[in-house]
Amino acid sequence: MSDTPPLTIEELSAQVGVTVRNIRAYQAQGLIDAPERSGRVAHYDETHVARLELVRDLREQGFGLPAIERLLKWGEGIDPRELRAFADTLMHGIIEESPMVLEPGEVSDVWGDQLTPELVQRSIATGFLRLEDDGRFVVMSPTLRAHGRQLAALGVSFEEAVTVLETLHEHLDALAATFAELFQRNVSGPALAEADDRAQALAQVSAALDTMRPWATSAVNAAFRLALQRHSEAALEELLPAEAETD
């Protein structure tokens, strides 16, 4: 039995930095255990703190709730610190920037009244924006947001920018799925399915990820540069006449 005094939900919220509303939502989804109760007062202990910190960290790294739920169920009994380290490995080198949290009014500071509910929903569907339970928005890539500012300065409309995001999402998602399936089929699937020691299996998969991820990123970058060169040459041929005009 721990000597740590139990916490109310408000105290848990203050200690971990997660809103009371989100704590209740995570509890309803089974991401954290139900608290002990003394009459009408709920009490949380250090196990709730550790679990909630893990969920918080995974959310901050960009993990969606379904993925978090699957990871927690699979890793039941594994030290939360090891699960967090595994999650760090999954995202390390992929997400090189921290998501930006914006109040609802801040989302329109670039595009103004072009920011219609329909276009916001389309942005959310691409994964660029995430809507939190408390009404705030999370910009998953501040770099993309900065590029959006540049497009707006060039006169590109928000709808055109969202269309570009949708195109990127469609094609890059297909590329990512190809690499993920390759990795799962040859590395993570066999390692995790046959694991007697799940913590050791996580470490094995993490090491393999560190090897494969830079290769996948480099391959996509190199292939895109070749494609961009082909399209640039084609555009140049259309813009310039084949022969110089003579008098």
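## Confidence of the model

In the protein chain, confidence is highest in helix H1 (residues 9-16), at a mean pLDDT of 94, and lowest in helix H5 (residues 80-91), at 73. The pLDDT is the predictor's confidence in each residue, from 0 to 100; helices (H or I, at least four residues) and strands (E, at least two) are DSSP runs, numbered from the N terminus. The chain has a mean pLDDT of 84, and 92% of its residues reach 70 or more.

This is a predicted model, in which local features need pLDDT of at least 70 and side-chain atom pairs count only at pLDDT 80 or more, while totals for chains, interfaces and linings use all residues. Residues are numbered from 1 along each chain as its sequence is written, and side-chain values use heavy atoms, leaving out hydrogens and water.

## Aromatic pairs

The structure holds two aromatic pairs. Rings of Phe, Tyr and Trp (its six-membered ring) pair if their centres lie within 6.5 Å; planes under 30 degrees apart count as stacked, over 60 as edge-to-face and the rest as tilted. The ring centres of tryptophan 111 and phenylalanine 158 are 5.2 Å apart and their planes stand at 45 degrees, so this pair is tilted. Phenylalanine 179 and tryptophan 215 form an edge-to-face pair, with 5.5 Å between centres and 90 degrees between planes. Phenylalanine 179 belongs to helix H8 and tryptophan 215 to helix H9, so the pair ties together parts 36 residues apart in sequence.
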